[in-house]
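Welcome! Here is a short briefing for anyone meeting this structure for the first time. Please take a look at the model, then read on.

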Amino acid sequence: MLVSVVSQADDGTRGEPFGPGPKGVMIFTRDGHFSLFQSRAELPRLAASDRARATPEEAMTVVRDSIAYYGTYAVDETNRSLSITLEGSTYANLLGPSQRRIITSLTVNELQFSNPRTPSGMTLQTSWRRATPR
């Protein structure tokens, strides 16, 4: 479950791209696949009952405040890194060659990693905690 996402620009400016208390889930399978969803704690409901009829403002908010993608992953224990290859995304610009995440903390119940360079030029620090069974 997503705990936090903190961005840092080259000038040191820090932010929370999904705001405080973001929502999200990242699922890893044993055979090397994963899926991720992240969003602000609250996304607004659309005025129309059909998402294809969202207003430009509503669509912008959803695109700005959420992301989902899936693909394959590999762990490099020696270099404490996670390589992901995206097969699909709500932001197609992310598709392409393998991307590297630096694992900064890994316990039975926690995963933290750094994305050293996003397409917008930021560094992201992301923190996850293991979901508890229901």
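This is a predicted model: local features need pLDDT of at least 70, side-chain atom pairs count only at pLDDT 80 or more; totals for chains, interfaces and linings use all residues.

Residues are numbered from 1 along each chain as its sequence is written, and side-chain values use heavy atoms, with hydrogens and water left out.

**Aromatic rings**

- Three aromatic pairs are found, where rings of Phe, Tyr and Trp (its six-membered ring) pair if their centres lie within 6.5 Å; planes under 30 degrees apart are stacked, over 60 edge-to-face and the rest tilted.
- Phe 28 and Tyr 73 form an edge-to-face pair, because their ring planes stand at 75°, with the centres 4.9 Å apart.
- This pair joins distant parts of the chain, 45 residues apart: Phe 28 lies in strand S3 and Tyr 73 in strand S5. Strands (E, at least two residues) and helices (H or I, at least four) are DSSP runs, numbered from the N terminus.
- Ring pairs connect Phe 28, Phe 34, Tyr 69 and Tyr 73 into a cluster.

**The sheet and its helix**

- Nine strands make up an open sheet with antiparallel pairing, in the order S2-S1-S9-S8-S7-S6-S5-S4-S3; two strands pair if DSSP finds at least two bridges between them.
- At the edges are strand S2 (14-15) and strand S3 (23-28), each pairing on one side only.
- Six bridges hold the antiparallel pairing of S3 and S4, and Gly 24 stands opposite Gln 38 in S4.
- Helix H1 packs on the sheet and touches S4 and S5, its direction making about 20° with that of S5. Axes are lines fitted to C-alpha atoms, for helices over the stretch in contact, and angles run from 0 to 180 degrees between N-to-C directions; contact means heavy atoms within 4.5 Å.

**The nonpolar core**

- The largest nonpolar core has 17 residues, and Phe 34, Leu 36, Tyr 69 and Trp 128 have the most contacts inside it. Such a core is a set of buried Ala, Val, Leu, Ile, Met, Phe, Trp, Tyr and Cys residues joined through side-chain atoms within 4.5 Å.
- S6 gives the largest share of this core, three residues.
- Beyond its neighbours within four places in sequence, Phe 34 contacts residues including Met 26, Phe 28, Tyr 69, Tyr 73 and Leu 86.

**Salt bridges**

- The whole structure has two salt bridges, each a side-chain nitrogen of Lys or Arg within 4 Å of a carboxyl oxygen of Asp or Glu.
- Asp 65 is buried, with a relative accessible area of 4%, whereas Arg 40 is partly exposed at 29% relative accessibility.

**A spot on strand S6**

- Glu 87 is found in strand S6 and is partly exposed, at 45% relative accessibility.
- Glu 87 and Tyr 70 lie 17 residues apart in sequence and 6.0 Å apart in space, C-alpha to C-alpha.
- Not counting residues up to four places away in sequence, Glu 87 touches Tyr 70, Gly 71, Thr 72 and Leu 95.

Methods
Buried means under 20% relative accessible area, exposed over 50%, partly exposed in between (1.4 Å probe, protein chains only).
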